[in-house]
Amino acid sequence: MLENKDKTQRMVFTALFGALSCVATWVIRIPSPLGGYLNLGDGLVLLCGFCLGGWYGVSAAGIGSMMADFFGGYLHYMPATLLIKAFMAATAGVLYQVIRKGQKSRTLLAATVSGIVAELFMILGYYLFALIFLREGTAAALTIPGNAIQGCAGIVLGVALLMALQKAGVAD
């Protein structure tokens, strides 16, 4: 976590992580046959939770991901993305800290387990959004495989980035 940074540094990291979440979501995208797209943004969302935690991580993940929907023309997804990605970062951050308990030897386990749980919430969140708000009925279930693939890629990327940042001495 970047807790030992002063308030200005944390705000700068929050803006940076938010921008990176937006770019990884919006720029690096693979179109889906259902009208959406697969992206690498979930890796940065998880990293927001792992490294920033708290309101900083929630803000960076939620706002950065939501802005990718804005820039990509998916305006109807913006509220759902804000809530789902913010919740993912909160879940990943809290579980990461609980499982790790300050022991660096548990970093890989903590990041992987918390990433899996956060991604399951993402899959469920977008399924419920499609089911309830977009009124797609049983077609909402078709979003699950694509979101599962995106979630797996997000876990791999988020854990790899966390390990790289720790090795570089940027993150604890």
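Predicted model: local features only at pLDDT ≥ 70, side-chain atom pairs only at ≥ 80, totals over all residues.
Biologist: Let's start inside. Why is Thr91 called buried?

Modeller: Buried means under 20% relative accessible area. Thr91 has 10% relative accessibility, so the word applies. Thr91 sits in helix α4, residues 78-100.

Biologist: And which residues is Thr91 in contact with, leaving aside its neighbours within four places in sequence?

Modeller: Those are Val117, Ala118 and Phe121. To count as a contact, heavy atoms must lie within 4.5 Å.

Biologist: What makes a group of residues a nonpolar core?

Modeller: The residues must be buried, belong to a set of nonpolar types, and be joined through side-chain atoms within 4.5 Å. In this model the largest such core has 34 residues, and Phe17, Leu46, Leu47, Phe50, Met88 and Leu162 have the most contacts inside it. At least two residues of this core come from each of α1 (7-26), α2 (41-52), α3 (54-72), α4, α5 (107-132) and α6 (143-167). Helix α2 gives the most, with 8 residues. As a general point, nonpolar side chains in soluble globular proteins tend to be buried together.

Biologist: Met88 is on that list. What does Met88 touch, not counting residues up to four places away in sequence?

Modeller: Met88 touches Asp42, Val45, Leu46, Ala118, Glu119 and Met122.

Biologist: Asp42 is a charged name among those. How do you know that Asp42 and Lys85 meet in a salt bridge?

Modeller: The cut-off is 4 Å between a side-chain nitrogen of Lys or Arg and a carboxyl oxygen of Asp or Glu. For Asp42 and Lys85 the N to O distance is 2.3 Å, and the pair is a salt bridge. The structure holds 1 salt bridge. Asp42 is in helix α2 and Lys85 in helix α4, so the pair ties together parts that are 43 residues apart in sequence.

Biologist: Are these two residues buried or exposed?

Modeller: Both Asp42 and Lys85 are buried.

Biologist: Gly41 also belongs to α2. Why is Gly41 called buried?

Modeller: Its relative accessibility is 1%, so Gly41 counts as buried, the limit being under 20%. Gly41 and Lys85 are 44 residues apart along the chain, with 9.6 Å between their C-alpha atoms. Beyond residues up to four places away in sequence, Gly41 touches Ser21, Ala24 and Thr25.

Biologist: What about Ser21, then: why is Ser21 called buried?

Modeller: Ser21 has a relative accessible area of 0%, so Ser21 is buried. Ser21 is found in helix α1. Setting aside neighbours within four places in sequence, Ser21 is in contact with Gly41, Leu44, Val45, Cys48, Ala60, Ala61, Gly64 and Ser65.

Biologist: Now the outside. Which residues form the nonpolar patch on the surface?

Modeller: Val23, Trp26, Val27, Ile28, Leu40, Phe70, Phe71 and Leu75 form the patch, with about 710 Å² of accessible area together. Helices α1 and α3 each supply at least two of its residues.

Biologist: Why is Phe70 called partly exposed?

Modeller: Partly exposed lies between buried, under 20%, and exposed, over 50%. Phe70 has 42% relative accessibility, so Phe70 falls in that middle class. The place of Phe70 is in helix α3.

Biologist: Last stop, the loop between α5 and α6, where Leu134 lies. Why is Leu134 called partly exposed?

Modeller: Its relative accessible area is 26%, so Leu134 is partly exposed. Apart from residues up to four places away in sequence, Leu134 touches His76, Tyr77 and Phe129. Leu134 and Tyr77 are 57 residues apart in sequence and 9.5 Å apart in space, C-alpha to C-alpha.

Biologist: Leu142 is in that loop between α5 and α6 as well. What makes Leu142 exposed?

Modeller: Exposed means over 50%. Leu142 has a relative accessible area of 52%, so Leu142 is exposed. C-alpha to C-alpha, Leu142 and Tyr127 are 8.6 Å apart in space and 15 residues apart in sequence.

Definitions and conventions. Residues numbered from 1 in each chain as written. Heavy atoms only, no water. Helix = DSSP H or I, 4+ residues; strand = E, 2+ residues; numbered from the N terminus. Buried < 20%, exposed > 50% of the residue type's maximum accessible area, 1.4 Å probe, protein only. Patch = residues over 30% accessible without salt bridge, like charges linked within 9 Å, V, L, I, M, F, W, Y side chains within 5 Å. Areas by Shrake-Rupley, 256 points an atom, 1.4 Å probe, with all protein chains shown as cover.
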